[in-house]
4 protein chains.
Amino acid sequence: MIIVLKSRAPQKKTDELIDWLRSKQLDVHVSVGHYQTVLGLVGDTSRVDTDLLTGLEIVEQVQRISEPFKMANRKFHEEDTCVSAGPFRIGAGSFAFIAGPCSVENEEQIISVAKAVKEAGATALRGGAFKPRTSPYDFQGLRADGIELLLEAKKETGLPIVTEIMNAAHLPLFEQVDVIQVGARNMQNFELLKELGRVNKPILLKRGLANTLKELLMSAEYILAGGNEQVILCERGIRTFETYTRNTLDLSAVPVLKELSHLPVVIDPSHATGVSRYVPSMALAAAAAGADGLMLEVHGDPAHALCDGPQSLTPEQFASLTKQVNKVRKALSEG
Amino acid sequence: MIIVLKSRAPQKKTDELIDWLRSKQLDVHVSVGHYQTVLGLVGDTSRVDTDLLTGLEIVEQVQRISEPFKMANRKFHEEDTCVSAGPFRIGAGSFAFIAGPCSVENEEQIISVAKAVKEAGATALRGGAFKPRTSPYDFQGLRADGIELLLEAKKETGLPIVTEIMNAAHLPLFEQVDVIQVGARNMQNFELLKELGRVNKPILLKRGLANTLKELLMSAEYILAGGNEQVILCERGIRTFETYTRNTLDLSAVPVLKELSHLPVVIDPSHATGVSRYVPSMALAAAAAGADGLMLEVHGDPAHALCDGPQSLTPEQFASLTKQVNKVRKALSEG
Amino acid sequence: MIIVLKSRAPQKKTDELIDWLRSKQLDVHVSVGHYQTVLGLVGDTSRVDTDLLTGLEIVEQVQRISEPFKMANRKFHEEDTCVSAGPFRIGAGSFAFIAGPCSVENEEQIISVAKAVKEAGATALRGGAFKPRTSPYDFQGLRADGIELLLEAKKETGLPIVTEIMNAAHLPLFEQVDVIQVGARNMQNFELLKELGRVNKPILLKRGLANTLKELLMSAEYILAGGNEQVILCERGIRTFETYTRNTLDLSAVPVLKELSHLPVVIDPSHATGVSRYVPSMALAAAAAGADGLMLEVHGDPAHALCDGPQSLTPEQFASLTKQVNKVRKALSEG
Amino acid sequence: MIIVLKSRAPQKKTDELIDWLRSKQLDVHVSVGHYQTVLGLVGDTSRVDTDLLTGLEIVEQVQRISEPFKMANRKFHEEDTCVSAGPFRIGAGSFAFIAGPCSVENEEQIISVAKAVKEAGATALRGGAFKPRTSPYDFQGLRADGIELLLEAKKETGLPIVTEIMNAAHLPLFEQVDVIQVGARNMQNFELLKELGRVNKPILLKRGLANTLKELLMSAEYILAGGNEQVILCERGIRTFETYTRNTLDLSAVPVLKELSHLPVVIDPSHATGVSRYVPSMALAAAAAGADGLMLEVHGDPAHALCDGPQSLTPEQFASLTKQVNKVRKALSEG
């Protein structure tokens, strides 16, 4: 960490700051220039609050050199992490296809989709029971009943299930759930993240609509720091001014996150684009970029398509897509 | 609401859709063009889920004409709402100065700030007890103890207090709190909003970092629909590419929100700019634009400034600012 | 195009508007609802100025159904366009590798890079002679001399050359240039676009930093409408709040542009990410997404790397990348 | 400027870099830490190309401490600049009201608007002759004829005129124009800026849709560095995800630009909001924030409103607004 002091910082204040930093077990290297003094801090700066420092009257600028996340950081954990739950595996060479409908609607629907996506190559079933909706008047999901139906589908097909939590108070309902999802809108619901740090199952953490990758990693750090080492990072599109797609899928997240962290990275092109026609090319791109998995909306029965979002693939489209994705992955792995 | 059908939408599917819409108590006006058919819906469309409609195979586009919020909508509630809590008033002509430190730190600090801001014209005391922090390693606030200290300051000065909630499970701690704040990161924590809809005290709802004004109003609608009619809307800066300021204060929020809704609008220039030197001009601008109040960071004792953010005013700066703000308001009210 | 009238639009004004629209050779379908009247326009609406209509007192909203671009529109030109210049081909199945240094610096440099990239599979040589720089004090390129050196490299290697124009007055210097590039900052320099519409060679048009895909297509339309049908669209990253990458590469541009238009689409991951380590994965992703070509920064001689940007690949990295890209393309083309 | 070297930077390369920097007349202060070496540069770093440095293999990060603009910088020019053209004055205490229609349409229109805005307090007349339009099919302005008509209006009313240039080749047409405007889309048309640096009249430079304030100042620097010291900075809204307003007016630009630079700052709320109902409150806010002037769209004759944008005020609204703005300015200037 580098602290640039203001050009007229009084010596007394400067010395006080240096003493205070040293009291925090940090080495402080002082470089005095004509116009400014620069302090270089060496040691564990992840616990130094840059906002506090920036707030000091004598400070011009504070610049982190090392990243503020530690347990998520590849520097301290070189190998890729493989996150697993029963037969489900993602990361360190295992590629995951997490597929299913936007919302769980009824037993017939979820079981027929589950069978269809399993047949087509899915390694996990997704489905929303608790649905975050912008409007209080929109369908809020089947909630507890939705979880029950997902567990039915799991029993029927053996597929591990992934579903979203919106409230730590609902955790008892998630006991049989294999992977708990944190939605984009809750990425910085720190109280929820802390609770999930005490849970003993994988957490799929979605990037917020306007959050940086550093913030995503800091939110992962909340979970890891709580003791839960099973975190999957998910890019699902960020908000920009473009309107042809619902959000802008930031695929650079893949190489950036893989470089900075050892955690697996999954891409959700369905929510990112909001348009099913654009999903296959973005899914192939994600695989080519080196993602560890895909999260895709697939609806089961075109006859009931009223309740599926415009971003859903049919089971046939999904089956064809898994084959294409595997071809791309195979081509790239053959040295 | 207008639904544009695809150019080759089969008649049978079109008729089914029209029947289904009519079964929802909506009038459907059909306009058949050479290339497309347009359905105009009249009735209470706030409960129609546009995502579902957009997902239909035969639909090209769905366009809302009327706003999806109802209780927050000025069309159904022409007069300005005045939100109050004890002596605190905001809206319908009452202007609020909500001032205080970023975080509550100790008894001496919060009481001395409270006295200072009261003296300088504040109508409420703000102070963070539960602090949302990007990093799990940063100071998380004094939490329950912080609330206790705020209540001490209230007893000492008579100032109503405003403080942030991060978890519905903490509600019992907020019983004596006058106004409960929902932070930007929780603006779409719908489970929390639902709980606050059942609370009988004002909620100050901050706009999320990348949320539209429509989404802010929809989140207010969650609270209002729950039965709590006391909502204050707060603009606190949105995320853009600009870097000289921490966020970009969107002051157009004032005329837009005042036009669309009857709820009071408060502006937080401290968080928006992140730089105390820029706060006074943005506060004056907010008052000139017609805001109903200001939320400002003021630190009490420069000697302990280490823990105050770079966006805090001194009590002297705050006192001088309240005078200027009142001058602007007076100049504009004199016809 | 759909025009929604305000609820209290006077009949006389409404009739005047309808007459005026019909005088523009448009069919107007009127749909009268309880609360609003909707006009559906059929005919060539690309020449209707939506700003003018929106400005009318009686108009609530104007919504285009058909796209405002015509010559760039796939609806009126179903087959993919192949743009060519001498041996250079892009689109309709031809994939282009456009590679070279950020700036042309001297004869030795550009010729050695040209040879290296040709050897590694490049189908065209890029290199900046006129350089748009944020600061007037930064290196502005070799300008006319740079073009000369590019032509030397072309003579030496046979590679077609692609280089940027910043001023229509420089057009005479570009006579031997194969493909003229319009940079992101000039995407809406309409005067320049009009001039390039009169030129008889391919134009590579880069998307502006904050421009929508519709605006990119409208800028292409300026060139096409002028008579030049050889336009290549280029996505090179848009500006967001993310900071690990210089810009955010919007790869969804590929399926969106390929759906809306027949023009070839090239991706520039070098400028988009600004970091050479992230370029290969983004290049592979672009190929998997269905792009028609890649534009890549390659520097020739590591010993002179001082003048190359942090986003440049070495010739070895580029050679390895072209092989990988071809593998992905082959895997996907094998049905 | 601070250069952080990578942790394993070889000594030889480090020494070469230091020598090279010293050869540029810069003092280099070396601070060696356990994990990284930091170079602090002192001297005129505005001519150091940070991209070149960032591109070096041994460099981790480059951080400017001093701003890269010099002539626009308040540090080197403490007093406010007053830009003037005939009777027109802006900055250093002079407040400007620049008003007029979006486009010049015909003699009657422009002269009647000119008279109306002069009567209402305008200090300059604006009007578009060359119009940048997204679509090649939209009205492109009267071009040279429009300039003629503006000059007629100037003769008739004595109001100085402000109008946009889109092409340096048109400069001869602007000889009698008082203030030349550079539109948002041409803010980084560096070739045009260079030409305007050689012109002897004020340039009103609009911020680009997605440009930072630093980039705006760098573009001003292009003009200043060419010898033209008369630059007016204009904020006119930036592009965000918000849709109720056309753009997001970034009023923090006022205190930031006034702090960093001595140049006058004008605000254009008409283009920023795109909605005339929102213009007055944003104009008052701009005045309260300390802007040096306003640029407003006013249309003359409601009977011909077809050609005016939805953001135009009537002359009556403009007259009432100038009075209110003056009240705010008076209230704030009275100590």
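Arg198(A) is exposed, because its relative accessibility is 60% (buried means under 20% relative accessible area, exposed over 50%, partly exposed in between, with a 1.4 Å probe and protein chains only). Its salt-bridge partner is Glu195(A), with the closest N and O atoms 3.4 Å apart; a salt bridge is a side-chain nitrogen of Lys or Arg within 4 Å of a carboxyl oxygen of Asp or Glu. Glu195(A) is partly exposed, at 29% relative accessibility. The model is predicted, so local features need pLDDT of at least 70 and side-chain atom pairs count only at pLDDT 80 or more, whereas totals for chains, interfaces and linings use all residues. Residues are numbered from 1 along each chain as its sequence is written, chains are lettered from A and ligands numbered from 1 in the order in which they are written, and side-chain values use heavy atoms, with hydrogens and water left out.

Over all chains, the search finds 68 salt bridges. Another of these joins Glu334(A) to Lys330(A) at 3.4 Å, N to O; Glu334(A) is partly exposed at 49% relative accessibility, and Lys330(A) is exposed at 53%. In chain C, Glu16(C) pairs with Lys12(C), with the closest N and O atoms 2.8 Å apart. These two residues lie 4 residues apart in helix H1 (residues 11-22) of chain C, and are therefore separated by about one helical turn; helices (H or I, at least four residues) are DSSP runs, numbered from the N terminus. Salt bridges that share partners also link Arg207(A), Glu235(A), Asp250(A) and Glu242(C) into one network.

Between chains A and C, 41 residues of chain A contact 41 residues of chain C (heavy atoms within 4.5 Å). The two chains bury about 3,300 Å² between them, 65% of it on carbon and sulfur atoms; buried area is the accessible area (1.4 Å probe) lost on putting two parts together, summed over both. Across this interface the rule finds 4 salt bridges, and the side chains of Glu242(A) and Arg207(C) meet in a salt bridge of 3.0 Å, N to O. On chain A, helices H6 (213-225), H7 (253-260), H9 (279-289) and H10 (315-333) each supply at least two residues of the side that touches chain C. The largest share, 6 residues, comes from H9(A).

Chain A can be laid on chain B with an RMSD of 0.0 Å by a turn of 180° and a shift of 0.0 Å along the axis, which is the relation of a two-fold axis. Copies are superposed by least squares on the C-alpha atoms of residues with pLDDT of at least 70 in both.
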